[in-house]
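Work through the exercises below with the sequence and the model in view. Each task is followed by its solution.

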Amino acid sequence: MPKYDYLIVGAGLFGSVFAQRMTEMGKDCLIIEKRSHVGGNIYTREIEGIQVHMYGPHIFHTVHEHVWEYVNRFAEFNHFRYEPLAVYEGKLYHLPFNMNTFHEMWNVRTPDEAREILVKQRAEIQGQPRNLEEQAISLVGRDIYRILIQGYTEKQWGRPCSELPGFIIRRLPLRMRYDNNYFDDPYQGIPIGGYTGMIEKMLKGIPVELNTDFFEDRENFRKMADVILYTGPLDAYFDYCYGPLEYRSLRFETETLDMENFQGAAGINYTEREVPFTRITEHKHFEFGTQKKTVITREYPLEWKMGEEPYYPVNDEKNVEIYEKYRELADREENVLMGGRLADYLYYNMDSVVRAALRLADQEKRKRGG
């Protein structure tokens, strides 16, 4: 007889939220996790008293009050606001694109002055944009594209913008006000003490087996629970029968420095194509740290290969077609649920992950009782 109601494959944010909610509903859950830690890509580790975002910076932001209330059950969030900068040929520019950016780029002071330049530069593209380069210029003009988008995007995707599909950049918000807050959402912050502590509190009382690969003993794991929630790569679950779904990967180079403050900001993007990394994160600034040392991470985009960590799905026509085939197989699986960024082959913001996991748990409650 199955020992658990639910076996959750993956202790990332999606799996953790689902397990917490189902346990709260009186269900018995077991989580297995291939990595040596919980939290998935929001995992944080303390170094020199600093909470280091080991898989890149994660800032929680949402417009949904119920999501904000939910995560605040498991952590106290600070008032951090993400105000990144960009470096191009030694000059600093504010992000996102706002009046500070336009002043730095064109020495304009008023929205009308900035708008006049933008309208003129956008007019370079006539008709339907044929690629990402034309799409970006049609949205923000040649200068912003060349200085702040082109090199960064080509590093991120490993190919020229003229060869990338335009849908990658559907919209590029332009703020006609002096406002460097990257997100407009009313609820924003970082959990004090890091995301790992938040996840651990979420999973309190729920058995978690780390360093455990579902695929090494799939049949026995399937017998352990009435229902499986799988949060790993969708193609891996079906043994890549239609071929692998493609991703872009990342390499993180983390360094402890014997100084109090390296760059004065949590995030600085490097937008020149010739600079091999895309950004430097200084982690202490997420919690307004005053430690004697600092920890920085350089982020290098990589071409993804089988066996490497998948980060950004390549949602082009070919991969979407493959994904739909896998999705048809997934829909036919009995007593197997799938969710999260890898199973859904989508790039998710954290609040969307929480919403989706809570929604799935509520669906399960209605379906199976609890």
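**Exercise 1.** Is aspartate 226 buried, partly exposed or exposed, and why?

Solution. Aspartate 226 counts as partly exposed because its relative accessibility is 42%; buried means under 20% relative accessible area, exposed over 50%, and partly exposed in between, with a 1.4 Å probe and protein chains only. This is a predicted model, in which local features need pLDDT of at least 70, side-chain atom pairs count only at pLDDT 80 or more, and totals for chains, interfaces and linings use all residues. Residues are numbered from 1 along each chain as its sequence is written, and side-chain values use heavy atoms, leaving out hydrogens and water.

**Exercise 2.** Find the strand that holds aspartate 226, then its contacts.

Solution. Aspartate 226 sits in strand 10, residues 225-230 (strands are DSSP runs of E, at least two residues, and helices runs of H or I, at least four, numbered from the N terminus). Leaving aside residues up to four places away in sequence, aspartate 226 touches Pro2, Tyr4, Asp5 and Asn335 (contact: heavy atoms within 4.5 Å). Asparagine 335 is 109 residues away along the chain, with 6.9 Å between the two C-alpha atoms.
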